[in-house]
Amino acid sequence: MTAEPFLKAELPGLPVRHGKVRDVFDLGDRLLLVSTDRISAFDWILPGGIPDKGRVLNSLSAWWFAQSAEAHHVLSTDPADFGLPATVDPRPLAGRALLAKKTDVIPIECVVRGYLAGSGWKEYRANRSVCGVALPPGLVEGAMLPEPIFTPATKVNSPTGESGGGAHDENIAFSRMVDLIGQETAEELRRRSLALYHWGAAIARERGIIIADTKFEWGRLPDGGIILIDEILTPDSSRFWPRDDYQPGHAQASYDKQYVRDWLESSGWDKNSPPPPLPAGVVAQTREKYIQAFERLTGGNFPWK
């Protein structure tokens with residue numbers, strides 16, 4: 001029987017910041033990131049959650065980080081290394097927490113698109129470009145781009161307020177990214193993000209998954225070095241499509257939360273009032289899609305299945 005979703009981490013006495021999905025505890029010079037089973041869509045945190053979703057995100061990110069040649073923030077995923085007070089029960093954190101270096105977060109979502117989908121498809125239909133990057137005429141929904149493109153985004157306040165997650169991503173031109181963080185840093189993040197996408201997409205394709213697009217986040221260490229932070233190449237930060245089912249010209253089947261977005265779109269919800277609870281069938285199907293992505297990519301069984 002599937003466990004109830006884990007919606008909030010409780011570690012008394014530790015300063016905490018609650019994001020849309022992660023609860024981030026401040027341990028001084030380090031952070032403890034706990035991936036909950038919360039799920040967000042259209043800038044709202046949905047009621048309920050998806051059981052084991054946080055474990056998929058945390059474990060899959062750890063798998064990618066361990067292989068990446070990029071400098072990153074992960075110190076350990078072993079609860080024995082977390083240094084938690086003796087009064088804290090570490091068992092609920094199993095599979096869903098990681099100890100990380102503390103950085104100054106660079107306030108840019110580094111989005112890389114290899115295929116035309118989502119907001120990129122909407123923008124292309126309007127002006128044949130995405131975030132100021134001109135694209136060839138005649139592309140269809142889901143089309144593979146001639147080359148992956150870098151399309152940054154930044155956080156803006158959400159009109160839905162705290163109950164909706166507080167902020168949403170807004171696509172910006174690269175020139176605006178330069179204005180915000182400087183030419184040198186912007187060019188470095190573009191180069192490193194594109195290289196990461198090429199690397200991850202090649203591995204995923206061999207395992208039957210197309211990474212249509214993804215986003216990376218970066219942080220600056222006290223010595224000025226820039227490292228990869230947050231999560232990497234997960235069903236929350238990426239669009240995962242089954243390679244065998246791929247056919248451009250329409251929306252694609254996926255291993256990510258697009259299934260949830262599609263249900264919400266068809267539910268009659270106005271996106272301005274609190275969202276409806278997800279039906280049990282949608283919850284179960286979404287959980288299965290996340291687990292399938294984990295197992296396809298890693299080649300192993302999901303430990304909490």
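User: Where is His 73 found?

Analyst: Heads-up: this is a predicted model, so local features need pLDDT of at least 70, side-chain atom pairs count only at pLDDT 80 or more, and totals for chains, interfaces and linings use all residues. Residues are numbered from 1 along each chain as its sequence is written, and side-chain values use heavy atoms, with hydrogens and water left out. Helices (H or I, at least four residues) and strands (E, at least two) are DSSP runs, numbered from the N terminus. With that in hand, His 73 is found in the loop between α1 and β6 (74–76).

User: Is His 73 buried or exposed?

Analyst: The scale first: buried means under 20% relative accessible area, exposed over 50%, and partly exposed in between (1.4 Å probe, protein chains only). His 73 has a relative accessible area of 3%. That makes His 73 buried.

User: Leaving aside its neighbours within four places in sequence, which residues is His 73 in contact with?

Analyst: Contact means heavy atoms within 4.5 Å. Skip the neighbours within four places in sequence, and His 73 is in contact with Leu 33, Phe 65, Leu 98, Leu 99, Ala 100, Lys 101, Ile 227, Leu 228, Ile 229 and Asp 230.

User: Asp 230 is on that list. What is the phi of Asp 230?

Analyst: Asp 230 sits in the loop between β16 (226–229) and β17 (238–242), and is partly exposed, with a relative accessible area of 22%. Most residues other than glycine have a negative phi. Asp 230 has a positive one, near 65°.

User: And what is the phi of Phe 42?

Analyst: Phe 42 is also a loop residue, placed between β4 (40–41) and β5 (44–45). At 26% relative accessibility, Phe 42 counts as partly exposed. Although Phe 42 is not a glycine, its phi is positive, at about 50°.

User: What percentage of the residues count as buried?

Analyst: The protein chain exposes about 13900 Å², with carbon and sulfur atoms supplying 51% of it; accessible areas come from the Shrake-Rupley method with a 1.4 Å probe, and for residues only the protein chains shown count as cover. Of the 305 residues, the share that counts as buried is 51%.

User: Among contacts between residues at least 6 apart in sequence, what share join residues at least 24 apart?

Analyst: For one case of sequence separation, take Trp 63 in helix α1 (residues 53–67). Trp 63 and Leu 233 are 170 residues apart in sequence and 9.9 Å apart in space, C-alpha to C-alpha. Over the protein chain, the share you asked for is 63%.

User: How many disulfides does the structure hold?

Analyst: A disulfide is a pair of cysteine sulfur atoms within 2.5 Å. Cys 110 is in no disulfide, and the nearest cysteine sulfur, that of Cys 131, is 12 Å away. Cys 110 is buried at 0% relative accessibility, and Cys 131 is buried at 7%. The disulfide count is zero.

User: Where does Tyr 197 lie?

Analyst: Tyr 197 is buried, with a relative accessible area of 4%. Beyond its neighbours within four places in sequence, Tyr 197 is in contact with several residues, including Val 112, Tyr 115, Pro 148 and Phe 216. Tyr 197 lies in helix α4 (residues 183–206).

User: How far apart in space are Gln 285 and Ile 50?

Analyst: Gln 285 has its place in helix α6 (residues 280–298), and is partly exposed at 41% relative accessible area. In sequence, Gln 285 and Ile 50 are 235 residues apart. In space, their C-alpha to C-alpha distance is 9.5 Å.
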